[in-house]
Amino acid sequence: MIQHLDAERAGRWARAAVSNATRTYPNAPQALLRGPGDLRPPDEVHPAFHGSFDWHSAVHTHWSLVRLLRLFPDLDGGDDAREVLSDHLTAEALGAELRHLEEFPSFERPYGWAWAVELAAEVARWDDADTVVDGSAVADFGDSFAQRLFDHLPRLTFPVRSGTHSNTAFAMLLALDHGREVGHEDLEARVVATARRWYLRDRDAPVDYEPSGEDFLSPVLTEAHLLAEVLSPDDFDVWFEGFLPGSAQVIASNLREPIEPVDVSGRLSHLRGLTLSRAWNWRAIAGALPARDERRVAALDAADRHLADGLDHVLTGDYAGDHWLVTFGLLAVTGL
């Protein structure tokens with residue numbers, strides 16, 4: 001899918017990400033206020049991740065910059081991207097972020113946590129990381145969130161099957177990637193075991209219930225994507241046929257076709273992200289199905305439909321979507 005990301009598009013996305021990462025306001029802090037002393041400017045509370053409207057978007061915007069620089073070392077606007085990363089991903093700034101987490105232990109759980117570990121995984125993949133950021137500090141930052149995810153999963157009796165930030169399957173996909181990339185075998189094993197415990201008996205996915213009005217994730221496809229990562233090809237083949245029976249013949253139109261929202265202001269911009277995340281999901285699902293399988297063909301067709309539509313709406317000039325959609329564009333064309 002990398003052919004959909006040429007140098008020109010990568011440069012535009014990088015310039016948008018730089019602008020977002022350094023734009024403190026407007027800002028939507030996910031804050032518990034215990035008194036007037038907790039009312040502080042975002043860049044004081046979060047020296048690393050104060051831009052991009054909210055903390056989790058700031059974290060994955062930095063992931064986007066690392067991903068773009070890793071794929072395009074001569075990126076147009078690359079010097080600005082490196083400067084942002086160098087200024088923000090320091091031991092001092094990341095240490096302040098971890099101290100805030102110690103003070104507010106459930107802050108941004110699980111979505112922000114998942115992007116924190118995925119940022120660390122991407123830095124670990126980047127050969128030039130230590131020339132730009134404090135790689136050791138980023139690794140420690142990721143390890144702290146990874147441990148919290150490891151400890152949190154057994155406390156959940158049930159998964160959260162929403163189409164927004166609380167979706168546990170999405171968080172587990174990013175945690176799984178982190179565990180595999182940095183060699184955190186215990187986290188990987190816990191994600192695999194938890195996914196099997198929660199989802200392995202699921203049958204006849206309720207596709208008619210999708211999407212909800214503010215979804216940027218498909219609960220059905222995100223779950224299937226996770227199972228594609230944790231099951232053997234043979235086991236996934238069997239599970240997927242029970243989960244979406246008959247998908248070789250027909251995929252429900254509300255999963256096959258991109259969403260065409262009437263309004264994309266505010267949180268309704270999530271529906272633009274839904275198109276992109278579905279493209280990513282469908283591509284991963286197809287990759288786990290047998291070659292020449294009719295279900296694989298149908299999944300690839302759905303992925304292509306979503307990608308063709310989604311790439312046209314990554315940057316629109318409306319900050320409601322522009323502050324976060326670059327990341328989902330990158331997921332759609334490059335995966336994790």
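Buried means under 20% relative accessible area. Because glutamate 118 has a relative accessibility of 0%, it counts as buried. The model described here is predicted.

**Salt bridges**

Glutamate 118 and arginine 125 meet through their side chains in a salt bridge, at 3.0 Å from N to O. Arginine 125 is also buried, at 18% relative accessibility. Salt bridges that share partners join Arg67, Arg70, Glu118, Glu122, Arg125, Asp177 and Glu181 into one network. The count of salt bridges in the model comes to 24.

| Arginine 125 | Glutamate 118 | 3.0 Å |

Arginine 283 is partly exposed at 23%, as is aspartate 304 at 39%.

**Helix H14**

Helix H14 covers residues 294–310, 17 residues in total. The distance from its first C-alpha to its last is 24 Å, close to the 24 Å expected at 1.5 Å a residue. Its buried residues are Arg295, Ala298, Ala299, Ala302, Ala303, His306, Leu307, Asp309 and Gly310. Viewed down the axis of H14, these fall within an arc of 165°, so they line one face of the helix. An α-helix has 3.6 residues a turn, so residues three or four places apart point the same way. The face of H14 turned away from the buried side carries the exposed residues Glu294, Val297 and Ala308. The cover over the buried residues of H14 includes helices H11 (233–243), H12 (253–256), H13 (270–288) and H16 (325–334). At the start of H14, a side-chain oxygen of aspartate 293 comes within 2.7 Å of the backbone nitrogen of arginine 295.

**Helix H4**

In helix H4 (residues 78–88), Gly78, Ala81, Val84, Leu85 and His88 are buried. They fall within an arc of 125° when seen down the helix axis, so they line one face of H4. They pack against H1, helix H3 (55–71) and helix H5 (91–103).

The largest nonpolar core has 107 residues, and Phe49, Phe236 and Trp282 have the most contacts inside it. Helix H6 (residues 111–125) gives the most to this core, with 9 residues. Beyond four places in sequence, phenylalanine 49 touches residues including Trp55, Leu89, Leu119 and Phe141.

Leucine 187 belongs to helix H9 (residues 185–199) and is buried at 0% relative accessibility. Its contacts beyond four places in sequence are Ala146, Phe150, Ala175, His178 and Gly179.

Threonine 24 lies in the loop between helix H1 (7–21) and helix H2 (42–45). Threonine 24 is buried, with a relative accessible area of 15%. Leaving out residues up to four places away in sequence, threonine 24 touches Pro42, Asp43, His50 and Gly51.

Key: Residues numbered from 1 in each chain as written. Predicted model: local features only at pLDDT ≥ 70, side-chain atom pairs only at ≥ 80, totals over all residues. Heavy atoms only, no water. Helix = DSSP H or I, 4+ residues; strand = E, 2+ residues; numbered from the N terminus. Expected span 1.5 Å × (residues − 1). Buried < 20%, exposed > 50% of the residue type's maximum accessible area, 1.4 Å probe, protein only. Arc of directions from axis to C-beta. Contact = heavy atoms within 4.5 Å. Polar contact = N/O pair within 3.5 Å; in protein donor to acceptor, adjacent residues only side chain to side chain. Core = buried A, V, L, I, M, F, W, Y, C linked by side-chain atoms within 4.5 Å. Salt bridge = Lys/Arg side-chain N within 4 Å of Asp/Glu carboxyl O.
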